[in-house]
Amino acid sequence: MPLKTVDATLSTFNAVFEKFKSEAPNNKNNLILFLADNEPSTNRSWCPDCVRAEPVIYKKLESSGDDVALLRAYVGDRPTWRNSQHPWRVDPTFKLKGVPTLILWENGEVKGRLEDHEAHIEKKIDSLIATK
């Protein structure tokens with residue numbers, strides 16, 4: 001089955017996340033990837049770690065052969081993300097510290113995560129999605 005992706009922003013996240021959770025039992029793996037927004041002037045992410053990690057993550061998930069759902073959640077522009085009161089930084093479920101962050105979502109909770117400095121490492125991605 002192909003990788004199923006859905007995108008959300010801060011303003012659309014709650015509705016998209018509810019649908020993601022309701023469909024989670026249909027997939028072997030459910031992942032949430034928190035990413036930086038693209039800069040309008042360049043159409044590229046302002047986050048170098050996101051630029052490095054995204055292609056590796058997509059390649060690993062697409063080649064897994066399992067039903068995988070990926071919710072891409074965009075944290076906003078750099079000033080929005082840098083705010084210490086960013087909703088996903090203070091959220092008790094996600095507690096984001098950096099982007100990209102790849103989260104394994106299982107049975108209504110975070111079961112594993114890879115944060116900015118490790119989200120591009122293929123072996124770690126394999127280990128995360130193999131935990132189920």
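How many aromatic pairs does the structure hold? The structure, which is a predicted model, holds 10 aromatic pairs.

## Two pairs that share W105

A pair of aromatic rings is described by the distance of the centres and the angle of the planes. The ring centres of F17 and W105 are 5.1 Å apart and the planes meet at 70 degrees, so this pair is edge-to-face; the cut-off for that class is over 60 degrees. F17 belongs to helix α1 (residues 13-23) and W105 to strand β6 (residues 101-106), so the pair links distant parts of the chain, 88 residues apart. F17 is buried, with a relative accessible area of 8%. W105 is also buried, at 6% relative accessibility.

## The aromatic cluster

F17, F94 and W105 are among the members of one aromatic cluster, together with F13, F20, F34 and W88.

R89 lies over the face of W81, at 3.8 Å from the ring centre.

## The two sides of helix α1

Which residues of α1 are buried? They are F13, V16, F17 and F20. These four cover an arc of only 100 degrees around the axis, which puts them on the same side of α1. An α-helix has 3.6 residues a turn, so residues three or four places apart point the same way.

The face of α1 turned away from the buried side carries the exposed residues N14, A15, K19 and S22. The buried residues of α1 are covered by parts that include β1 (4-9), β2 (29-35), β5 (68-74), α4 and β6.

## The largest nonpolar core

In soluble globular proteins, nonpolar side chains tend to be buried together. The largest nonpolar core in this model has 40 residues, of which L31, I32, F34, I57, F94 and V99 touch the most other members. At least two residues of this core come from each of α1, β2, α2 (48-62), β5, β6 and α5 (122-130). Helix α2 supplies the largest share, 6 residues.

Terms used:
Residues are numbered from 1 along each chain as its sequence is written. This is a predicted model: local features need pLDDT of at least 70, side-chain atom pairs count only at pLDDT 80 or more; totals for chains, interfaces and linings use all residues. Side-chain values use heavy atoms; hydrogens and water are left out. Rings of Phe, Tyr and Trp (its six-membered ring) pair if their centres lie within 6.5 Å; planes under 30 degrees apart count as stacked, over 60 as edge-to-face and the rest as tilted. Buried means under 20% relative accessible area, exposed over 50%, partly exposed in between (1.4 Å probe, protein chains only). A charge sits over a ring if NZ of Lys or CZ of Arg is within 6 Å of the ring centre and within 35 degrees of the ring normal. The arc is that of the directions from the helix axis to the C-beta atoms. Contact means heavy atoms within 4.5 Å. A nonpolar core is a set of buried Ala, Val, Leu, Ile, Met, Phe, Trp, Tyr and Cys residues joined through side-chain atoms within 4.5 Å.
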